[in-house]
Amino acid sequence: MKKGILLLSMLMLVTLSLQAQTSEHYIEVTGTSEIEIMPDKIHYIIEIREYFKEGAKPEEYRTKVPLSQIEKDLRKVLKEVGVLDSAVRTQEIGDYWRKQGQDFLISKQFDITLTDFKQIDEIIKHIDTKGINTMRIGELENKDMLAYHQKGKTEALKAAQRKATYLVEALGKRLGNVIRIVEKDSDNAFRLAQSNVLSSDVASFDNFRTIKKNYSMLVRFKIVD
């Protein structure tokens, strides 16, 4: 008999506890923040490709400029603008698609680590575009990225608190303690830029020289009467 009363009491306690939780008033809002970071490491991708010197007709293609010569000229320009050999990494190499009546053209891609966008400007000014297939900005990095992540998330939390506060106060209530925090997927992609190797106009790069980070936090607060 006592066991039955004890079990009934426990069930009643659990039921009351659940009712208390479901009747709790709360507000749930999303806070966002955005940070733009100046990179201190820039990956500049250059792809070189063999080419023929003469003519537009297949029978006129006689002299092929070898990849080794194109790479030699490229490395000379890089050295002149202050890029160390250790900052140049070969990313991939392979045959290019062959047109009818032509030999295969070999291509090679370089990942060049720079510390200043002015170096890109100088490369574009001095490079011979013959043999250059593409040039583009790759990944942008910053050594203090973790600190920027923390700052971005903190600002998103503060934004959520400000939003929840004025919404609750508009109803004549007060904002209580935090019940739950959920970090939502953030858009942390860096901006990319493609360049036309035939153009020396580098002004178009201006909008692509920062790392843009977006943060979003879903926060639930208790509402106090």
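Beyond its neighbours within four places in sequence, Ile112 is in contact with Ile42, His43, Tyr44, Ile46, Leu78, Val83, Ala87 and Val88. The model described here is predicted. Ile112 is also among the residues with the most contacts inside the largest nonpolar core, together with Tyr44 and Ile46.

**Nonpolar core**
- The largest nonpolar core comprises 40 residues.
- Two or more residues each are given to this core by strands S1 (26–37), S2 (41–49), S6 (105–114), S7 (132–141) and S10 (211–224), and by helices H2, H3 (117–126) and H4 (145–169).
- S10 supplies the largest share of the core, namely six residues.

**Helix H2**
- H2 spans residues 67–80, and its 14 residues reach 20 Å from the first C-alpha to the last, close to the 20 Å expected at 1.5 Å a residue.
- Leu67, Ile70, Glu71, Leu74, Val77 and Leu78 are the buried residues of H2.
- Viewed down the helix axis, these buried residues fall within an arc of 125°, so they line one face of H2.
- An α-helix has 3.6 residues a turn, so residues three or four places apart point the same way.
- Exposed residues Ser68, Lys72, Lys76, Lys79 and Glu80 are carried on the face of H2 turned away from its buried side.
- Gly82, which follows H2, has a positive phi near 90°.

**Largest pocket**
- The largest pocket holds about 200 Å³ of space.
- Its lining consists of Arg49, Glu50, Tyr51, Phe52, Lys53, Thr129, Lys130, Gly131, Ile132 and Asn133.
- Strand S3 (51–52) and S7 are the elements that give two or more residues to this lining.

Definitions and conventions
Residues are numbered from 1 along each chain as its sequence is written. This is a predicted model: local features need pLDDT of at least 70, side-chain atom pairs count only at pLDDT 80 or more; totals for chains, interfaces and linings use all residues. Side-chain values use heavy atoms; hydrogens and water are left out. Helices (H or I, at least four residues) and strands (E, at least two) are DSSP runs, numbered from the N terminus. The expected span of a helix is 1.5 Å times one less than its number of residues. Buried means under 20% relative accessible area, exposed over 50%, partly exposed in between (1.4 Å probe, protein chains only). The arc is that of the directions from the helix axis to the C-beta atoms. A nonpolar core is a set of buried Ala, Val, Leu, Ile, Met, Phe, Trp, Tyr and Cys residues joined through side-chain atoms within 4.5 Å. Contact means heavy atoms within 4.5 Å. On a 1 Å grid over the protein atoms alone, a cavity is a set of points where a 1.4 Å probe fits but cannot get out, and a pocket is an open set with protein on both sides within 12 Å along at least five of seven lines; lining residues have an atom within 4 Å of a point. Grid points are joined across faces, edges and corners, and a volume is the space filled by probe spheres set on the points.
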